[in-house]
Amino acid sequence: MHQDIIPLYAADIQDQLKKQFAYLSGGRGGDGCPVITFPDYPAFSEIPEKEFQNVLTYLTSIPSLRDAGIGFILVIDRRQDKWTSVKASILRIAASFPGNLQLVLVLRPTGFFHRALSDIAFKFNKDEFKMKVPIIMLGSVSELQGYIDKTQLTEDLGGTLDYCHHRWLSRRTAIEGFAQKVKQTAQILQSFGTELAETELPNDVQSTSSLLATHTEKKDKMKEDIRLAVEQGDDILGSITKPVTENPEYKLNQDQLDNQTTVERLLAQLHETETAFDEFWIKHQQKLEQCLRLRNFEQNFREVKAALDIVFERLSAFTDVGNSCSHAEHILKDLASFEEKSCETIAKARMLASEGDAFIQSSHYAVDSIIPKCSELLHLCDAFTTETERRRNLLNKSLELHGLLEKSMKWCDEGIYLLASQPVDKCQSQDGAESALQEIEKFLDTGAGNKIKELNKLYREYAHILNEDLKEHVQKVFQKQESMEEMFQKRQVSLKKLAAKQTRPVQPVAPRPEAFIKSPCTSPSLQREFVSNSESSALRRVNCRRGKSEMTELHQSRGGSTMDDEENLAVLRQHVINELIETERAYVEELLCVLEGYAAEMDNPLMAHLISPELQNKKDILFGNMEEIYHFHNRIFLRELENYIEYPELVGRCFLEQMEDFQIYEKYCQNKPRSESLWRQFSDSAFFQECQRKLDHKLSLDSYLLKPVQRITKYQLLLKEMLKYSKNCEGAEDLQEALTSILGILKAVNDSMHQIAITGYDGNLNELGKLLMQGSFNVWTDHKKGHSKVKDLARFKPMQRHLFLHEKAVLFCKKREENGEGYEKAPSYSYKHSLNMAAVGITENVKGDAKKFEIWYNAREEVYIIQAPTPEVKATWVNEIRKVLTSQLQACREASQHRTLEQTQSLPLPGSSCSSPSRNNIRNTRKMEEKKADLTSLEVYGTAVAPKYPEKGKGWAKTSHSLDASEENDGWSSAEDPLNSSDAEEEGGGGGEMKLTPGKYTVVTDYEKGVSEEFTVKSGDLVQLIHEGEDGLWYVKNLSTGKEGWIPANNLLMLIGNSKSAQSLSSSESGTASSTLSTSSSCSDSCNASSTSFSDIKG
């Protein structure tokens, strides 16, 4: 039975060891196994278990780990004992022995009866001894010597091994005491060395001398302690080797040899510690002497470093590579002048580095501080030289590139001038055509040294200087060159036809405009060919009419025609679609390479031995839904793209048709932080290195895992470029819509990455609906509840909050920056509270700040003043909140209308006597929109009960007299006066304007333009309807002020049910007179039911 081994020392259990119920004699078995002897001890069974375990633990800890690992041989001497005691002893030793066992030898009782009994009992009780090694019962010492050599047994076992238990115990105590002394001495020296190392260096000579004397005194005391410890170790070593000294033929047993080795090792350790301390002391002495020189060096370093920083700052300004040859030459001159002025600073830096190197050679105590400074100075000097040379080379390359571009531009201008200067009338003859052909061929021969031959080769050669502007300039020059060469080719084709033998005169005739309009050709390639031919004819007509001035001819030829511009745009569109399809194919191949070369290999049994256990079953985390992305692009999107290669301007339709499938990227990007964290943990795995070797990839897997993120962001750049060249084409609107949709997906991906970082929210975020907006704001609170001082403090001190606007709630979170790398460095958002959008209202404008707006809750019980970073951000958020509230209001009205329709249909009404409420509402809406075009129609939908109409000829008189009862009931109830279908039909007038229900209403927009100048209502006020007027105006009484006046009906919304229990639901619609709209969230039972999931959300 193994137990935890507790380090013990002989001095701690000296009394227990003196009992000698077990001892380690130093003898060894045949294979070097240590022998532990259990001599005949009458009181063996009375030994306390704790003492028994301590002695066994200590004895098994003395041999070396190698010997102990082989196992111990136990010799149990029970010759004078009984069988029952033998059995108990064996069982106790088996249960408590802490080491490995090789063999157990038992000297059984010598009495005849007990001897026979032990033989029989051992055979029948052998399984009770829980030892996994042989237990051999021996009858005599001679049998024992058959297993262990006589020289390895003590005298009491018939051997010759010299063993004295008292001497062994004294020696073990001395050796362990010496080990403790060595350990304490090393700790004291280390502590003293730490004290010296941490001593703050003084700034004057007197303090330095005093410190040096104090430290020297302590050092001398340390040296004396070391001397005494060495003497102690030498004495112990001498006592061990004394028998060999007295008798050279004496051989030490293994235990004595181990003790000798231990003492020698401790003495060596002590000498090493002393030597190390002496070396440290010498260095400490040098510290005080070198301190002053170090301070001077550090001061000079700071001054030179500051000067170098200024030099590098000025050097970093040389980023421009020039936009022409002259500009590049001018920058080169400025760079040379700057380099000359900086030479003095560089020389000082190199001289200071040499001084620091001299300190290092003289073994300065602060070499660790000086080396980095010298290295930094040399590095900065070398970096300045290298960077200056690099920028000079860049400028020379730029000068070379601009030279090529200017030569190409000049060659193109000369070519255009040549085409423009060839007389059309002379080219009609065979000789004239041949002459013109020779001129063209001669000119084209000059292009070998003037034109740009391979654009891709040019890009590769000058890649390190090509910024966006310069690359665009190169593209324009190359496009101009291509267009000019295409014009030459077309001119050559025409001239070759004219140079051929003609059977009759050919009169060039300009094509009729109708031919282009009525042409059935729809292919972009055919249209471009037609445009080019038309351009050629137009060029000839211009030349026929031109004057003799060559400059006028050049101007006309350079101006070109609209057809020429369209042809150039077509070429550019073709370039974009080619790049889109080529990069798409490469993208699909890269995804397949990753899935086959990495993901599939994780399931390969032949590669399993290279995968660490922690990485197994993590394929879905590492690769996310990359396989789904690959199948979409390979099976669908790439094939669809290839169908548009001849019609690049229509490629926007391809994106729009597959736009929903691009949502899969949101899942991939949300998983990217987990994937990147897993990759960083196992990037050095042999599995990944082997896969990369097989694939012959120069980049590691993480670069390919980033491909989907890079690809989804690349599409919007290509669409922008295609849209730039397709503004007048048929598919321009589709391109713009596709671009907007892709940008929307990128925004949704970005928003979702922030959403998954929300912590502390107990509910399910998916239940809050779609995430519409997210961003950081300053937030002030102004609540009706709470202590006034707290309210004042909250009003003036803003909180930094990150808001998440969902369809059903707005969340307030606190942004917390995280430490880490890559995606792990992204912030997290600690959830604070949320507001149910069913009870939210907004005020768009706050006095004094165009960036502020209000979000209020439960009829302004809680008010949150939000300050956006910019007015544009504020406008975006207000518009989005307005859309949410408007959609909620519309949903409530539709639910209410639906319920009204159901209840109306359930009444016993004639089918033709009354139109349904929904039709009345539709007619009323149309009429209100026609009459009040300047106000947004907020028509009141039917209530949860059927509308009550007044009796014929009585107007609203009955309703006005019942005002008190209405106020008492907090709302009008249709149960007091059931619906009369015939009255409704007469008042309805067979499809006239819908009569609205009498009772209480809530004002949904501020109104200050009543007939009475003193009558005003605010959003949220309760009014009582008195009677209806014309043109959509109602005469109402403001229950808050008691005043009466006229107000547009569409500014009111019917209160349904008990208004005391009604919650606040706010909405805002564009075009209203006020930015704050409010209405009852209890407009229908169905609306209430739809918002029950937010009942527990509290701000």
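Guide: The account below begins with the helix pair and then turns to a sheet and to the confidence of the model.

The model is predicted. Helix α12 spans residues 430–445 and helix α14 spans residues 468–499; their axes lie 8 Å apart and form an angle of about 150°. Angles over 145 degrees count as roughly antiparallel, and α12 and α14 are therefore roughly antiparallel to each other. Their crossing is left-handed. On the α12 side, the contact is made by Q430, A433, E434, A436, L437, I440, E441, F443 and L444. These residues meet M484, F488, R491, Q492, L495, K496, L498 and A499 of α14. Sorted by class, the contact comprises 11 nonpolar, two polar and four charged residues.

Elsewhere, eight strands form an open sheet with mixed pairing, in the order β6-β10-β9-β8-β7-β13-β12-β11. The edge strands, β6 (758–759) and β11 (840–843), each have a single partner strand, so one side of each has no neighbour in the sheet. Within the sheet, β7 (residues 771–783) and β8 (residues 799–806) run antiparallel and are joined by eight bridges; M773 stands opposite L805 in β8. Helix α26 (residues 732–755) lies across β6, β7, β8 and β10 (828–836), at about 50° to β7.

As to confidence, the chain averages a pLDDT of 74, and 74% of the residues score at least 70. Over residues 503–561 the pLDDT stays under 50, and the model has 54 contacts beyond four places in sequence for this stretch. Residues 1056–1099 also have a pLDDT below 50, with 134 contacts beyond near neighbours in sequence.

Notes:
Residues numbered from 1 in each chain as written. Predicted model: local features only at pLDDT ≥ 70, side-chain atom pairs only at ≥ 80, totals over all residues. Heavy atoms only, no water. pLDDT = per-residue confidence, 0-100. Contact = heavy atoms within 4.5 Å. Axes fitted to C-alpha atoms, helices over the stretch in contact; angles between N-to-C directions. Helix = DSSP H or I, 4+ residues; strand = E, 2+ residues; numbered from the N terminus. Parallel < 35°, antiparallel > 145°, perpendicular 65-115°, else oblique. Left-handed = near helix turned anticlockwise from the far one by under 90°. Nonpolar A, V, L, I, M, F, W, Y, C, P; charged D, E, K, R; others polar. Pairing = 2+ DSSP bridges.
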